[in-house]
Amino acid sequence: MTVSDLDRSRQWYGRLFDTAPVLDENTGPFHHVVWLLGGTLLGIHEHPELTSRDAFDEKRPGLDHIAFGCANRAELEKWESRLGELGIANGGIVDAPYGSGLSFRDPDNIALEFFAPPG
């Protein structure tokens, strides 16, 4: 994901996941920071020549949101508590027939979600 301020986002995601990144590298054309989350890699990138500093908007072509899987609703509830501890605004847990979700946004307004299957 491209972010507007790598230092701000590095700190924000580091606090959210309570872990250090596995990679923090400036390649020249971009600087990226990557976390290993279970079997998934999540990377944020800062490009020195951004074409826009507009906040993220899922209604434009491209990314809608990223969902992080939770094993069950109990794990989702732990994430809801964690977001509260960190002062991260969220929509609360929303239950649906297909599962339960907890939506929130990063400093660039990128839509994120923790999601648990029904059961």
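Predicted model: local features only at pLDDT ≥ 70, side-chain atom pairs only at ≥ 80, totals over all residues.
**Pockets, salt bridges and a nonpolar patch**

In the second largest pocket, strand β4 supplies the largest share of the lining, with 4 residues. About 240 Å³ of space lies inside the second largest pocket. Its lining is made by 14 residues, and those closest to the centre are F17, L37, T40, F68 and G69. Sorted by class, the lining of the second largest pocket holds 10 nonpolar, 3 polar and 1 charged residues.

The largest pocket comes next, with a volume of about 430 Å³. A total of 20 residues line the largest pocket, and T2, D54, A55, F56 and R60 are the closest to its centre. The lining of the largest pocket is made up of 9 nonpolar, 5 polar and 6 charged residues.

Attention now turns to charged pairs. Side chains of opposite charge can pair when their charged atoms come close. Across the whole structure, 7 salt bridges are found. One of them pairs R10 with D7, with 2.8 Å between the closest N and O atoms. Both R10 and D7 belong to helix α1 (residues 6-17), where they sit 3 residues apart, about one turn of the helix. R10 counts as partly exposed because its relative accessibility is 22%, and D7 is partly exposed as well, with a relative accessible area of 47%.

R10 also forms a salt bridge with D24, and here the closest N and O atoms are 3.0 Å apart. This pair links distant parts of the chain, as R10 lies in helix α1 and D24 in strand β1, 14 residues apart. With a relative accessibility of 40%, D24 counts as partly exposed.

Another salt bridge brings together the side chains of D95 and R73, at 3.0 Å from N to O. D95 is in strand β5 (residues 90-96) and R73 is in helix α2, so this pair ties together parts that are 22 residues apart in sequence. D95 is partly exposed at a relative accessible area of 48%, and R73 is partly exposed at 32%. Through shared partners, salt bridges join D7, R10 and D24 into one network.

Finally, the surface carries a nonpolar patch of about 370 Å², made by V22, L23, L36 and L41. L23 counts as partly exposed because its relative accessibility is 33%.

Definitions and conventions. Residues numbered from 1 in each chain as written. Heavy atoms only, no water. Patch = residues over 30% accessible without salt bridge, like charges linked within 9 Å, V, L, I, M, F, W, Y side chains within 5 Å. Areas by Shrake-Rupley, 256 points an atom, 1.4 Å probe, with all protein chains shown as cover. Salt bridge = Lys/Arg side-chain N within 4 Å of Asp/Glu carboxyl O. Buried < 20%, exposed > 50% of the residue type's maximum accessible area, 1.4 Å probe, protein only. 1 Å grid on protein atoms, 1.4 Å probe; cavity = no way out; pocket = protein on both sides within 12 Å on 5 of 7 lines; lining within 4 Å. Points joined across faces, edges and corners; volume = space filled by probe spheres on them. Nonpolar A, V, L, I, M, F, W, Y, C, P; charged D, E, K, R; others polar. Helix = DSSP H or I, 4+ residues; strand = E, 2+ residues; numbered from the N terminus.
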